[in-house]
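Dear colleague,

Please find below the structure for your review. A summary of the findings follows it.

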Amino acid sequence: MRWLPFQLNPDLPEGGIPREEYVARKFGARGKGVNERVTVAGRQVGIPFAYEKMTVQPNTLNAHRLMLYAERAGKQDALAEELFRAHFTEGANLTDRETLAGIAERAGLDRRAVADYLAGDEDREAIARNESEARSAGIGGVPFFIFNRKIGVSGAQDPEALLEAMEQALQEQG
């Protein structure tokens, strides 16, 4: 498996915006209900979503850059898990480079090397290029799964739907 970059909110300022402001803009009055439904669904599968801890809706450019860095180190899955945990259950501010370096360290990466990497501009253009390609292909949200570079599945799906897409991709492989 490989994680590809896709920012849901690439136009957010680098430091993000207050989470409450973001939810109000995006969902209006129904915003609180959206989080509650996700929290209940997460609880059913052992994910303790803690939206109340989120104070910043982040611009995720540096988190996506870090995912490319982790891929080269063979730690992409571990980093993805730590980023999700930090954001969704701990309320970590993913715009803060020191916070990202600490999350990367939890995933088995060298904290100092990550901090140095994040201080530069490496991989910014790669993120922009990958996102442009995804949007040109009609991808507009996450999750989005691509199986065998042939079958795309958008949104949260039941395991059966994902299995069916995988089997279809294998059949098309020949």
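**Findings in the predicted model**

R25 is exposed, because its relative accessible area is 58%, above the 50% cut-off for that class. Please note that the model is a predicted one. R25 forms a salt bridge with E21, and the closest N and O atoms of the pair are 2.3 Å apart. Both residues belong to helix 1 (residues 19–27), where they are four residues apart and therefore separated by about one helical turn. E21 counts as partly exposed, with a relative accessibility of 34%.

**Salt bridges**

The structure holds eleven salt bridges in total. E82, R85, E90 and R106 are linked in a network of such bridges.

E82 is buried, with a relative accessible area of 13%, whereas R85 counts as partly exposed at 37%.

The side chains of E90 and R106 also meet in a salt bridge, at 3.1 Å from N to O. This pair links distant parts of the chain: E90 lies in the loop between helix 4 and helix 5 (97–106), R106 lies in helix 5, and the two are 16 residues apart. E90 is partly exposed, with a relative accessible area of 36%, and R106 counts as partly exposed at 40% relative accessibility.

**Nonpolar cores**

The largest nonpolar core has 21 residues, and those with the most contacts inside it are L66, L79, L83, L100, I103 and V114. Helix 3, helix 4, helix 5 and helix 6 (111–119) each supply at least two residues of this core. The largest share, five residues, comes from helix 3.

Which residues are in contact with L83, leaving aside its neighbours within four places in sequence? They are A63, M67, L94, L100 and I103. Of these, L100 and I103 are also named among the core residues with the most contacts.

A second, separate core has six residues, including I151, V153, L162 and A169.

**The antiparallel strands**

Strand 3 (residues 144–147) and strand 4 (residues 151–154) run antiparallel and are joined by four bridges. The hairpin that they form has three residues between the strands, and N148 takes a positive phi near 55° there.

**Surface and loop**

On the surface, L4, F144 and I146 form a nonpolar patch, with about 260 Å² of accessible area together. L4 lies in the segment before strand 1 (17–18), while strand 3 covers residues 144–147.

A73 lies in the loop between helix 3 (61–72) and helix 4 (76–88). A73 counts as partly exposed because its relative accessibility is 41%, a value in between the limits of under 20% for buried and over 50% for exposed. The C-alpha atoms of A73 and L109 are separated by 7.9 Å, although the two residues are 36 residues apart along the chain.

Yours sincerely

Technical notes:
Residues numbered from 1 in each chain as written. Predicted model: local features only at pLDDT ≥ 70, side-chain atom pairs only at ≥ 80, totals over all residues. Heavy atoms only, no water. Patch = residues over 30% accessible without salt bridge, like charges linked within 9 Å, V, L, I, M, F, W, Y side chains within 5 Å. Areas by Shrake-Rupley, 256 points an atom, 1.4 Å probe, with all protein chains shown as cover. Salt bridge = Lys/Arg side-chain N within 4 Å of Asp/Glu carboxyl O. Buried < 20%, exposed > 50% of the residue type's maximum accessible area, 1.4 Å probe, protein only. Pairing = 2+ DSSP bridges. Core = buried A, V, L, I, M, F, W, Y, C linked by side-chain atoms within 4.5 Å. Contact = heavy atoms within 4.5 Å.
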